[in-house]
Amino acid sequence: LGRARMVDVTPKDPTHRRAVARGRVHMKSETTSLVARGAINKGDVLAVARVAGIQAAKRTPELIPLCHPLLVGSVLVNFRIEDDYIEVEAHVETVDRTGVEMEALTACSVACLTIYDMCKSSDRGMVIGDIALWEKTGGRSGTYRRTDGLDAELVERADHAHRDLAAVRNQDARKHQWPAR
């Protein structure tokens, strides 16, 4: 009882790994309307939540005791505003010996908490929930995709976000190449 140990990942080879997590902040429709219009007193809710999620992904090992520190290659935090909730989706990628599921879940959770913090003066009854890993790729265990409640629109959105991330990565790579001689 009470024994804890960090898993040894040193024998593993670094591979490309990706994880997607989603969560929701349920709120009054008046509150989602304020967020959409940029009318929350504290400022741009989604911009602050995005930065908070990115920062959280990078600091995950400081929050989760047995989580390995790793080099986070990219973090994307996106939002979808519906009538009575805001959905948060976090994508994290790396090339390392261990996965980025915890980083994606932490990014999503902290972005949701930030939305709550930014909107609490308008709606104290908000509920944070539905936080789950939706996809992970790479590593020995391969690909995992959540299927419960998964419909074609969600699969298409995840695939679209992955293509967007690849395009951004390619664009960044071209920007940082040395000029041809």
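Guide: The second largest cavity holds about 30 Å³ of space. This is a predicted model, in which local features need pLDDT of at least 70 and side-chain atom pairs count only at pLDDT 80 or more, while totals for chains, interfaces and linings use all residues. Residues are numbered from 1 along each chain as its sequence is written, and side-chain values use heavy atoms, with hydrogens and water left out.

On a 1 Å grid over the protein atoms alone, a cavity is a set of points where a 1.4 Å probe fits but cannot get out; a pocket is an open set with protein on both sides within 12 Å along at least five of seven lines; lining residues have an atom within 4 Å of a point. Grid points are joined across faces, edges and corners, and a volume is the space filled by probe spheres set on the points.

Searching the whole structure gives two cavities of 30 Å³ or more. Around the second largest cavity are Arg17, Arg18, Gly99, Val100, Glu101, Lys136, Thr137 and Gly138. Two or more residues of this lining come from each of strand E1 (15-26) and strand E4 (127-137); strands (E, at least two residues) and helices (H or I, at least four) are DSSP runs, numbered from the N terminus. By class, the lining of the second largest cavity has four charged, three polar and one nonpolar residues. Here Ala, Val, Leu, Ile, Met, Phe, Trp, Tyr, Cys and Pro count as nonpolar, Asp, Glu, Lys and Arg as charged, and the others, Gly among them, as polar.

The largest pocket has a volume of about 230 Å³. It is lined by 14 residues, and Lys12, Arg17, Thr98, Gly99 and Glu101 are the closest to its centre. Helix H4 gives the largest share of that lining, three residues. The classes in the lining of the largest pocket are six charged, five polar and three nonpolar.

Helix H4 (residues 101-119) also packs against helix H2 (residues 45-58), at an angle of about 145 degrees and with the axes 7 Å apart. Axes are lines fitted to C-alpha atoms, for helices over the stretch in contact, and angles run from 0 to 180 degrees between N-to-C directions. Among the residues making the contact are Ala49, Ala52 and Gly53 of H2 and Ala107, Val110 and Ala111 of H4, where contact means heavy atoms within 4.5 Å. The contact of H2 with H4 has 13 nonpolar, three polar and one charged residues.
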